[in-house]
Amino acid sequence: MPQKAVIALDLGGTRIKLGLVRGAHILASDELDARADLGLLARLPELTGRINALLQQASLSAADIAGVGIAVPGIVDTVNRKVLTINAKYSDAPQIDLVAWAQNTWGLPLCMENDTRAAMIGEWRHGQGKGYDNLVLMTLGTGIGTSAVIEGRVLRGKHFQAGILGGHVIIDRHGNRCNCGMVGCAEAQASTWTLESFVTSHPQYPVSVLSQEDKIDFKTIFQRAEAGDTLACIVRDECVDVWATCAYNLVQAYDPEVVILGGGVMASREFIIPRIQQQLDQNSWATWGKVAVVEAALINSAALLGVSDLVYNS
């Protein structure tokens, strides 16, 4: 009898990804705008319809499914399968009984996990982390997501926060106010949500080509820096230095063999990876050798594969 499939959801802040996963293979997938500001409850009917369409497309019924796995951009109680807290995305999620939704809709059990931790599990089992027992994942983009595996075990902690708040290590105690309430977090210094204010408040902004851009994102920053714009070079270098410092802190905390980098900014991998690798190579405490810095292999599917793995092993 073939292995049962898993219904997998990745609730991103910009896009929601859906998939039917069997083992390491995605049988069918779909993607839609998150509209996270509307909350999650209002999206459940559409998500249900989209998933049912995927089941029909793959000629599967609920009897062919092992369970439902959801990756959530927040702190998740993986034991009681509920969202504990979430930051400005799907703000009603902690009040929703998603276990009941999966049971009432398809008669299936449900597993939940933080999205970066789910992506790390996907990379660990099926991507760049395969074969390692100690690794760290950083996703760079809207925020900075992190997660870790130590001695072959996923790091979660007593309150489910362990490993996933690396974006909130303090880089500069005199820096920007973070959305978590602290000052100088790595995320507050170098992520998409803080990028525009960083650029527009800089003294070089009026004479920079960035002042003519309708949208300021990392793609634009790296392109304009490549073309030689002074402010774009300043912003690019500062952000990469913050990411490298954050990675260094994670290495000191978790002692990994490899640091996996994911997120949309990795389109500029040729610039980012060597700079972070150079910083980690300066770690005088790593007497065993050098931590490898690599790009994530499963950019669009890691979290889907990760939550599927949790369903299979629950």
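Let me begin with a term: a salt bridge is a side-chain nitrogen of Lys or Arg within 4 Å of a carboxyl oxygen of Asp or Glu. Please also keep in mind that the structure above is a predicted model.

By that definition, Asp33 and Arg15 form a salt bridge, with their closest N and O atoms 2.2 Å apart. Asp33 belongs to strand β3 and Arg15 to strand β2, so this pair ties together parts that are 18 residues apart in sequence. Asp33 counts as partly exposed, because its relative accessibility is 47%. Arg15 is likewise described as partly exposed, with a relative accessible area of 31%.

In what order do the five strands of the open sheet lie? The order is β3-β2-β1-β4-β7, and the pairing is mixed. At the edges are β3, residues 25–33, and β7, residues 110–114, each of which pairs on one side only. On average, and ignoring direction, neighbouring strands of the sheet are turned by 15° against each other.

Strand β4, residues 65–72, runs parallel to β7 and is joined to β7 by five bridges. Within β7, Glu113 is the bridge partner of Ala71.

Helices also meet this sheet. Helix α1, residues 44–57, packs on the sheet and touches β1, β2, β3 and β4. The direction of α1 makes about 150° with that of β3. Helix α3, residues 115–126, lies across β1, β4 and β7, and runs at about 100° to β7.

Let me return to charged pairs. How many salt bridges does a search of the whole structure find? The search finds 15.

One of them is in helix α1, where the side chains of Arg50 and Glu46 meet at 3.2 Å, N to O. These two residues are four apart in α1, which means that about one helical turn separates them. Arg50 is partly exposed, with a relative accessible area of 27%, and Glu46 is partly exposed at 28% relative accessibility. Both residues also belong to a network of salt bridges that links Asp30, Arg35, Arg43, Glu46 and Arg50.

A further salt bridge joins Arg156 to Glu113, with the closest N and O atoms 2.8 Å apart. Arg156 lies in the loop between β10 and α4, and Glu113 in strand β7, so the pair ties together parts that are 43 residues apart in sequence. Is Glu113 buried or exposed? Glu113 counts as buried, because its relative accessibility is 0%. Arg156, by contrast, is partly exposed, with a relative accessible area of 23%.

Asp217 presents another case. Asp217 is placed in the loop between α5, residues 192–200, and α6, residues 218–226. This residue is buried yet has no salt bridge. The nearest side chain of opposite charge, that of Lys215, is 4.0 Å away. What Asp217 does have is a polar contact of 2.8 Å with the side chain of Thr220.

Finally, a word on the backbone. Arg35, already named in the network, lies in the loop between β3 and α1. Arg35 has a positive phi of about 45°, although it is not a glycine. Ser59, in the loop between α1 and β4, is also a residue other than glycine with a positive phi, near 55°. Arg35 counts as partly exposed at 43% relative accessibility, whereas Ser59 counts as exposed at 65%.

Terms used:
Residues are numbered from 1 along each chain as its sequence is written. This is a predicted model: local features need pLDDT of at least 70, side-chain atom pairs count only at pLDDT 80 or more; totals for chains, interfaces and linings use all residues. Side-chain values use heavy atoms; hydrogens and water are left out. Buried means under 20% relative accessible area, exposed over 50%, partly exposed in between (1.4 Å probe, protein chains only). Lys and Arg count as positive and Asp and Glu as negative; His and the chain ends are not counted. A polar contact is a pair of N or O atoms within 3.5 Å; within protein, one must be able to donate a hydrogen and the other to accept it, and residues adjacent in sequence count only if both atoms are side-chain atoms. Two strands pair if DSSP finds at least two bridges between them. Axes are lines fitted to C-alpha atoms, for helices over the stretch in contact, and angles run from 0 to 180 degrees between N-to-C directions. Contact means heavy atoms within 4.5 Å.
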